[in-house]
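Please keep the sequence and the structure in view while reading.

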Number of protein chains: 2
Amino acid sequence: MAGKAISIKKIAHLAQVSHSTVSRALRNNPRISAETAQRIQRIAAQHGYHPSLAARSLVTRRTQTIGCVVTSIADPFVAGVVTGVEEVANRHGYSVFLANSKGDAKRELDVVRVFREHRVDGILVAASRLGSEYVPHLRKLQIPIVLINNLQPGDFINSVTIDNLEAARVMVRHLVELGHREIAYIGDESGDQSNRERLAGYCQTLQDAGIAMRSDFVVEAAAGPEGGERQMEHLLSLPARPSAVFCYDDLIALGALKAIRRAKLSAPADISVVGFDDIFVASYTDPPLTTMRQPMTAMGRRAMGILIELLSRPFEETRTENWHVKVSGELVVRESTARPQKTKENQDATSQQPTPASR
Amino acid sequence: MAGKAISIKKIAHLAQVSHSTVSRALRNNPRISAETAQRIQRIAAQHGYHPSLAARSLVTRRTQTIGCVVTSIADPFVAGVVTGVEEVANRHGYSVFLANSKGDAKRELDVVRVFREHRVDGILVAASRLGSEYVPHLRKLQIPIVLINNLQPGDFINSVTIDNLEAARVMVRHLVELGHREIAYIGDESGDQSNRERLAGYCQTLQDAGIAMRSDFVVEAAAGPEGGERQMEHLLSLPARPSAVFCYDDLIALGALKAIRRAKLSAPADISVVGFDDIFVASYTDPPLTTMRQPMTAMGRRAMGILIELLSRPFEETRTENWHVKVSGELVVRESTARPQKTKENQDATSQQPTPASR
DNA sequence: CTGAAAGCGCTTACAG
DNA sequence: CTGAAAGCGCTTACAG
């Protein structure tokens, strides 16, 4: 800030009034005469006066800031959410501190400390994954918290999520209806609650379809495309490989598609792949990805909206009332899914060329 | 902050010392006896004391915050940069306010105002584009500013960029060397300086190769894949369409690829496409994209590093010394580029199937 | 309608 | 080594 900023005191001096009057005039306090107010405002504008939010926050006990913690800003799901958060925050006069926890426990504690020292009014956790030990630390701050894409029980904890279980059922049912019976799940090893729910949806759907679960078809990947690539390689190396794969998210699906290409196989001819999220690239992959669309930006907006609502009321009143908002997703069928191959012995990994999707 | 936080005064009371002593003990001032310091620190820890940065900043005139303004957080280039920024900021005890200007003039002024009111110590502009009228507003804050991917002359303005002109030359030369002569450029209508430089590199390279510039081959797209899609459609509708396209960035290239597919044409068989940035999806597109890799996260780190350096010295001393750091990119050849087709009359938009890339 | 006073939570000369 | 005082830039009862 370079010590340049002008203060209320200076304006008071210039306007020949007390600094209390300046403060009131600037905040449009009705007790100040219109002309005095105008005069002061003009002077303030002329001299480029801008109130110090820090000074104000000391007395109002509100900083008009919120902390937004993400596990990776480079994750398009997260970026979509943060866009919505920022939009609503801004519209309501809040600024957002962005912190990247990277899922690293030490870093997470650091984030908590910094948010505390900055006295943020509330916290938003926009993570596609979330260390489960993390939330208790956040809770100590005794301010409202809204989780996006994960939920946890307890005071101050609110959430905005898609119905992960139902959404997973839709995805797996899509595969079953195409005729697949060898369906694998590539989960996210740090996906926490959302991963468990998607897994549960997968299991239930197989069960409903009378398909026996195979434990070797359920794997967990590290976050991001590379993780998906590794686990897909593993699945492809199985004696009897799956004919379809449900991925925890689009990033993992991207990696899976790459592994399939690398093995000289083709999606969906040899193996169908579905993702989750519908990040913007899902329609640009090779092949375009069938996925579950999450309204990411809307989720961010909604989460920030809840926070604002919570912040408008006395904290004690809101601490035990937990919001758990479910938004709905949408199956987007593109070209990474098709009926399974008829001939079981086509699995020669070198010769054949991709056949076009059956669509 | 819910008014819960404990203050130095409370600790002073508990420790039976003055609050000045507490302040010193907590900051490890050597003038405080080791045992008093320890005792106070223990008490502070027990009671979960955390200093108020707002209060501290009032006297130190440093907020330990920086403002980071982006045009779109959903742009993977920006996300990569912000990741690096956050990392270094955090390591040096700075917190980052994220603001999304959306390239909207009104919103930009708002961002300036908010940063000013929060008395941020410095500003980072991580934009793939930047309204050119914007920087002068920022400059009024009289704090160091570092631009990423754009540069502007003037006090307090520093930058970290790739050498756009040279990088553009590399990309276009790659196309020329493959044998292309009908090369188009899809620029970014709000790309400002970086767009102008890439365009200049394009022009120079054509000239060096003795290829006449065709003004109908130079178009400007709105940011993002949709913009690229529109402009590619336009180029494809030309009586004589180009055989290769250089895109301002990967996002535009993504849209271009989609338009090509939609026209039942194929890249690179019918038309070669190159992007810029090497965002993580570039290797997952259909076909995988040939592009210019920018070290996005490293650029973010570097920019924040410069800001920290600048903030460590008296402002007056740094105000006229401008850093303009160039980082180098790298041509990444994937599968979206190939030699042009021999037969000029293969342009029938319906019949033919893609032929594999000549690679 | 306006002002003087107190206070928010800190840091830092200035004394002792 | 420790404390009392002043001050950072605000807001807000309390007086008048």
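B:Arg61 is placed in the loop between α4 (53-60) and β1 (65-70) of chain B, where helices (H or I, at least four residues) and strands (E, at least two) are DSSP runs, numbered from the N terminus. This is a predicted model, in which local features need pLDDT of at least 70 and side-chain atom pairs count only at pLDDT 80 or more, while totals for chains, interfaces and linings use all residues. Residues are numbered from 1 along each chain as its sequence is written, and chains are lettered from A and ligands numbered from 1 in the order in which they are written.

The phi of B:Arg61 is near 60 degrees, a positive value in a residue other than glycine. Most residues other than glycine have a negative phi, and most peptide bonds are trans.

| Peptide bond | Omega | Loop holding the proline |
|---|---|---|
| A:Asp286 to A:Pro287, cis | near -5 degrees | between β9 (272-274) and β10 (291-293) of chain A |
| B:Ala267 to B:Pro268, cis | near 5 degrees | between α11 (250-262) and β9 (272-274) of chain B |

The secondary structure of chain A amounts to 13 helices and 12 strands. The radius of gyration of chain A, taken over C-alpha atoms, is 26 Å, well over the 21 Å that the globule rule gives for 359 residues, so chain A is more spread out than a compact globule. The globule rule is 2.2 Å times the number of residues to the power 0.38. Along its principal axes, the C-alpha trace of chain A spans about 90 × 40 × 35 Å.

The relation between the chains comes next. Chain A can be laid on chain B with an RMSD of 0.0 Å by a turn of 180 degrees and a shift of 0.0 Å along the axis, with the copies superposed by least squares on the C-alpha atoms of residues with pLDDT of at least 70 in both. That is the relation of a two-fold axis.

How many residues of chain A are in contact with chain B? There are 48, and they meet 48 residues of chain B; two residues are in contact if their C-beta atoms, placed from the backbone, lie within 7 Å. α5(A) gives the most to the side of chain A that touches chain B, with six residues. Because 100% of the interface residues of chain A are also interface residues in chain B, the copies meet through the same surface.
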